[in-house]
Amino acid sequence: MKNTYIIEYLNENEFRKRERALKKYNMLAYKKFVFEYCPQLREGIFLGELVSTNEKLGTKTYELKLPTDDLFVKVHGDIKIHYMVYENDRIIMLDTITPETILNEGHRSELTTYKGVVVSKENQEKDMFKINLLNMLQ
């Protein structure tokens, strides 16, 4: 227990909002994050791509790509957890979950799906066009 890392949040309210939207609209990504990736992070196994390091502060910034449907990725982008590791203090600071726009919108109001993909209310025509185009290309 002594060698474990503590998980904290840069902005807990915003992160939790996006996390709840992720749970509602992409259960696979949520389950992988909560039940598989978080325990590994606590043990000091840093997952994802190392984006940057700050020698002065002793931090490393990572992006962890979560599993999701290929069509969702093509329409909205990869679902990624952004976090920083403070190795000297043994703290993992969870920053955000992207794509923020669709997750924030999913938190505010109920989203609809079109051909199995979540569609934004603000950009509904654009998202439906992308889905139709991708389906025609297949």
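The buried residues of α5 are D127, I131 and L134. Seen down the axis of α5, these fall within an arc of 70°, so they line one face of the helix (the arc is that of the directions from the helix axis to the C-beta atoms).

A note on what I am reading: this is a predicted model, in which local features need pLDDT of at least 70 and side-chain atom pairs count only at pLDDT 80 or more, while totals for chains, interfaces and linings use all residues. Residues are numbered from 1 along each chain as its sequence is written, and side-chain values use heavy atoms, with hydrogens and water left out.

Next I checked the length of α5. Helices here are DSSP runs of H or I with at least four residues, numbered from the N terminus.

The structure holds one cavity of 30 Å³ or more (a cavity is a set of points on a 1 Å grid over the protein atoms alone where a 1.4 Å probe fits but cannot get out; lining residues have an atom within 4 Å of a point). The largest cavity has about 60 Å³ of space (the volume filled by probe spheres set on the points, which are joined across faces, edges and corners). Among the residues lining the largest cavity are L22, Y25, F72 and I102. Helices α1 (12–25) and α4 (100–108) each give two or more residues to that lining.

Last, I looked up salt bridges (a side-chain nitrogen of Lys or Arg within 4 Å of a carboxyl oxygen of Asp or Glu). The count comes to eight. Which residues are linked in a network of salt bridges? I found E12, R16 and E19. E12 and R16 meet at 3.7 Å, N to O, and the closest N and O atoms of E19 and R16 are 2.9 Å apart. E12 is partly exposed at 41% relative accessibility, R16 is partly exposed at 29%, and E19 is buried at 7%.

Key
Buried means under 20% relative accessible area, exposed over 50%, partly exposed in between (1.4 Å probe, protein chains only). On a 1 Å grid over the protein atoms alone, a cavity is a set of points where a 1.4 Å probe fits but cannot get out, and a pocket is an open set with protein on both sides within 12 Å along at least five of seven lines; lining residues have an atom within 4 Å of a point.
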